[in-house]
Amino acid sequence: MSLRARWVFSGCGPPLENATVEITAGRVSAIHNRCDRPSCDLGNAAIIPGLVNAHTHLELSDVTAPLPPASSLKKGTVPLGKIDLLRRNHSLERDSPLFQQAAAPFTDWLKAVMAHRQNRAANVAADDQAVMAGLSESARHGTTTIGDIAARSASRTPAGTHSRMRTVAFLEILGLAPERIAPQLRRAHEYLAGDATVIRGISPHAPYSVHPDLLSGLTDMAVKYRAPLAMHLAETRSELELLATGGGEFVPFLQELGVWRDDAIPRGSRPLDYLRELARAERALAIHGNYFDDEEIEFVAAHSNISVVYCPRTHAYFQQAPHPWRKLLSRGVNLALGTDSRASNPDLSLFGEMQFLRKLTPDLDPAHLLQLGTSNGARALGVDDETGTLAVGKSADLAIVSLPESNRNDPCSLLFDPASRIVDLPPVEQ
């Protein structure tokens, strides 16, 4: 079939006006602005590469609104009306309820996530339904590729069965106590040695939940299997405090879980120590990176196999300090975007992340913004030979954006206008 639109953004050059994308056997066979009659004329719309959500947790897609910290719920400080506002509000203005959340400890939010998971622990069907709901929602928002972190074996998750989604499935590994190292390494080995229904990776969860020796063993395994790694890193100030001093809010949290060991994390540690380990893998994703310092940014810049995944609206939800993403870009770091999960985000729209970032930094070149949500994400997940741009021979992963009625001649500004929306491809006449 052939699709014509007011603008076509291939990601390989400037946008083409009144252009056509031809598709043969699921692959792009031509892009041009000849006057041939297309199979489908989309009118005032843009065709863009399918969006790449480089980091999400699909298992939490049954959460209807971002989870307030467990302590807030216990104290009754977050009324149900506010929960409804959290669900409906997508703009994240500074007076939004998302910014009025009490500055509760991050570990209280982790407890709320754990409580949600425990409530459905015995219901595997509900878990699968949440994943499929997340995949369907992502597809409706123009996402065609996902980097998903699964707390249980992704070989049982239906993430690889969604016909419109390319999936890189990371198995989440936790184990701070030394006695957890051996069984978790066995679990990772069994997962990576499985079939190739999806691209398999492993995710050592975070510095506060993974023993350094376990991280080293997992990296060895990733090297052996040429599997990607993904780790939450430099996400909060309290994480930095734990690494540096062995103190802070994480200690009582981990003690309550019965996994804290005083000698598990060497005092004086930094995110840089974990980046050095991740750098041994063929491909690694440093998730969040909210508090990377200059030395850590320089290290990532010097290691092209490491990508950083920024989750703008989740970052805003937790009222983190300004993210160093502009500095990362200026140093040539491959920066991709993610939605994290519905536990910290009103939806799974990567296009929503891009529009939010456009509003936050209107001076950013919109062409570069498009790359953050497409080609950079594809590179981070190692699928850039197949997707991330619209090029002849590549998979025809694309999204359709309905544009506002306007006489403006700047297609990039039109693309990320607040009124622009991802829409489904209309039926094509046979």
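Trainee: Let's start with Leu 51: why is Leu 51 called buried?

Mentor: Buried means under 20% relative accessible area, exposed means over 50%, and partly exposed is in between, using a 1.4 Å probe and protein chains only. Leu 51 has a relative accessible area of 0%, so Leu 51 counts as buried. Before we go on, this is a predicted model: local features need pLDDT of at least 70, side-chain atom pairs count only at pLDDT 80 or more, and totals for chains, interfaces and linings use all residues. Residues are numbered from 1 along each chain as its sequence is written, and side-chain values use heavy atoms, with hydrogens and water left out.

Trainee: Which strand does Leu 51 lie in, and what is Leu 51 in contact with?

Mentor: Leu 51 lies in strand β6, residues 51-56. Helices (H or I, at least four residues) and strands (E, at least two) are DSSP runs, numbered from the N terminus. Contact means heavy atoms within 4.5 Å. Leaving aside neighbours within four places in sequence, Leu 51 is in contact with residues including His 141, Thr 143, Leu 350, Phe 351, Met 354 and Ile 422.

Trainee: What puts Asn 18 and Ala 25 in their accessibility classes?

Mentor: Asn 18 has a relative accessible area of 45%, so Asn 18 is partly exposed. Ala 25 is at 81% and therefore counts as exposed. Asn 18 sits in strand β2, residues 16-24, while Ala 25 is in the loop between β2 and β3. Check their backbones too: phi is near 50° for Asn 18 and near 55° for Ala 25, each a positive value in a residue other than glycine.

Trainee: What makes Tyr 310 and Trp 325 a stacked pair?

Mentor: Rings of Phe, Tyr and Trp (its six-membered ring) pair if their centres lie within 6.5 Å; planes under 30 degrees apart count as stacked, over 60 as edge-to-face and the rest as tilted. For Tyr 310 and Trp 325 the centres are 6.0 Å apart and the planes are at 20°, so the pair is stacked. The partners are 15 residues apart, with Tyr 310 in strand β12 and Trp 325 in helix α12. Both Tyr 310 and Trp 325 are buried. By that ring rule the count comes to 9 aromatic pairs, and ring pairs also link Phe 106, Trp 109, Tyr 208, Phe 250, Phe 253, Tyr 317 and Phe 318 into a cluster.

Trainee: How do you know that Leu 335 is buried, and what does Leu 335 touch?

Mentor: The relative accessible area of Leu 335 is 0%, so Leu 335 is buried. Leu 335 is in strand β13, residues 334-337. Not counting residues up to four places away in sequence, Leu 335 touches Tyr 310 and Trp 325, among others including Val 308 and Leu 372. The C-alpha atoms of Leu 335 and Val 308 are separated by 5.0 Å, although the two are 27 residues apart along the chain.

Trainee: What does α13 give to the lining of the second largest pocket?

Mentor: α13 gives the most to that lining, with 6 residues.
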